[in-house]
Amino acid sequence: MKLSKIIKNFELFYPKHLASDWDNVGLQIGDINKDVKTVLTVLEVTEDVIDEAIEKNVDLIICHHPVIFKSIKNLAYNNSHTNKIVTLIKNDIAVYAAHTNVDLANNGMNDWLSQVLGIEYTRPLALEKFEEYLHISIELLNSQINDVIDLLSEIGSGERGDVLQKVTVTPTTSFKEYEKDRKVHDNMCIINAFVLETQIPVLKRLMKKYNLKHKQSTIFYTATRTENMKKQYGIGRYGSVKPRTLESLANDIKKNFDIDGVKIVGSRETIISKVAIIGGSGSDYIDNAIAVGADVLVTGDTGYHQAQHALENNICLIDAGHHLEIIFNDIMRDFVALICDETVLSSEIDSNPYEVI
């Protein structure tokens, strides 16, 4: 399958515009037109992961943490970071980074973490992005209806499901009611659908490209904003769990994510019934967790002052490190296998730089 097709399918579910402004997501290395036969999914692209990719004849790596994040001034071989990039280019291995767009998306990283811990009735911890859907009506010939439905599906019209995120298109059709002085065409109808405002010009271009625009056809839409036409995306999740002690929850995390140890802030006997969780570095969201009434925030990379702040505000912390996100490997492998006809592998390399002694 062409890399361009894989990316198109992928971004239908995890669009780049969901990424934070400071992030760098998307295709980072490689030819958009290359043929891909084997894909490798991985949290972090390390030198060992690159060796693994070469050994397994991988054409594309889909990673969570970007390979290229900060600016690069040269590609000198004596630098470990730039040498990784050079090695990937030499071996014609493309790299696609899916970072904060996967964190924010429905059925993304924070939903996966919540599912592993059994957190129910989850909501975003901090809202960051909104998508507003518009209602459009497309007037067309009856014979064009299936072609236009296909185009609506291609641009991603409709809601993305919260579990499997398959795109569903549910347009309704009705006969056009013309004004009295206008001729009625019995062979014409209207398709109604919900699309993003940014998708409308794309749809127009595709209809023109595939010669679907009838001489009397028009595309028009109403820009009414209603709650059921908005989709919210946010960092982190919070929800309910079966009550247990802080120590018990910490042990569940160690077991479920196969990690050697975690750091906790708060009494081990504190009863936890509402959990907030953020994969990666989430210490900046302690106040958000307090605001939603969470008993504990589970995240990584917390510091001394954040721990003191949590204690003073009667909220517990569990610092499980960045490596909680290792679930990206297998879950993303299974997802990419749904949208890609080729072989998809999950990295077998342990990229955790920490060891508990």
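Start by selecting helix H1 (3–13) and helix H11 (residues 328–339); helices here are DSSP runs of H or I with at least four residues, strands are E runs of at least two, and both are numbered from the N terminus. H1 and H11 pack at an angle of about 120°, with 10 Å between their axes. Those axes are lines fitted to C-alpha atoms, for helices over the stretch in contact, with angles running from 0 to 180 degrees between N-to-C directions. The crossing of H1 and H11 is right-handed, a label used if the near helix is turned clockwise from the far one by less than a right angle.

Now show side chains. On H1, pick Ile-6, Asn-9, Phe-10 and Phe-13; on H11, pick Met-332, Phe-335 and Ile-339. These residues make the contact (heavy atoms within 4.5 Å). Six of them are nonpolar, one is polar and none is charged. In this classification, Ala, Val, Leu, Ile, Met, Phe, Trp, Tyr, Cys and Pro are nonpolar, Asp, Glu, Lys and Arg are charged, and the others, Gly among them, are polar.

A word on what you are viewing: this is a predicted model, in which local features need pLDDT of at least 70 and side-chain atom pairs count only at pLDDT 80 or more, while totals for chains, interfaces and linings use all residues. Residues are numbered from 1 along each chain as its sequence is written, and side-chain values use heavy atoms, leaving out hydrogens and water.

Colour by pLDDT next (the predictor's confidence in each residue, from 0 to 100). The chain mean is 84, and 84% of residues reach 70 or more. Over residues 159–180 the pLDDT is below 50, and this stretch has 58 contacts in the model beyond near neighbours in sequence. Residues 220–226 are also below 50, with 16 such contacts.

Select Ile-6, Ile-7, Phe-10, Leu-60, Ile-62 and Tyr-96, which line the largest cavity. On a 1 Å grid over the protein atoms alone, a cavity is a set of points where a 1.4 Å probe fits but cannot get out; a pocket is an open set with protein on both sides within 12 Å along at least five of seven lines; lining residues have an atom within 4 Å of a point. The largest cavity holds about 30 Å³, a volume being the space filled by probe spheres set on points joined across faces, edges and corners.

Select Glu-11, Leu-12, Glu-154, Ile-155 and Gln-199, the nearest to its centre among 13 lining residues. This pocket has about 400 Å³ of space.

Finish at the largest pocket, about 790 Å³. Centre on Gly-321, His-323, Asn-352, Pro-353 and Tyr-354, which lie nearest its centre among 26 lining residues. The lining has 10 nonpolar, eight polar and eight charged residues.
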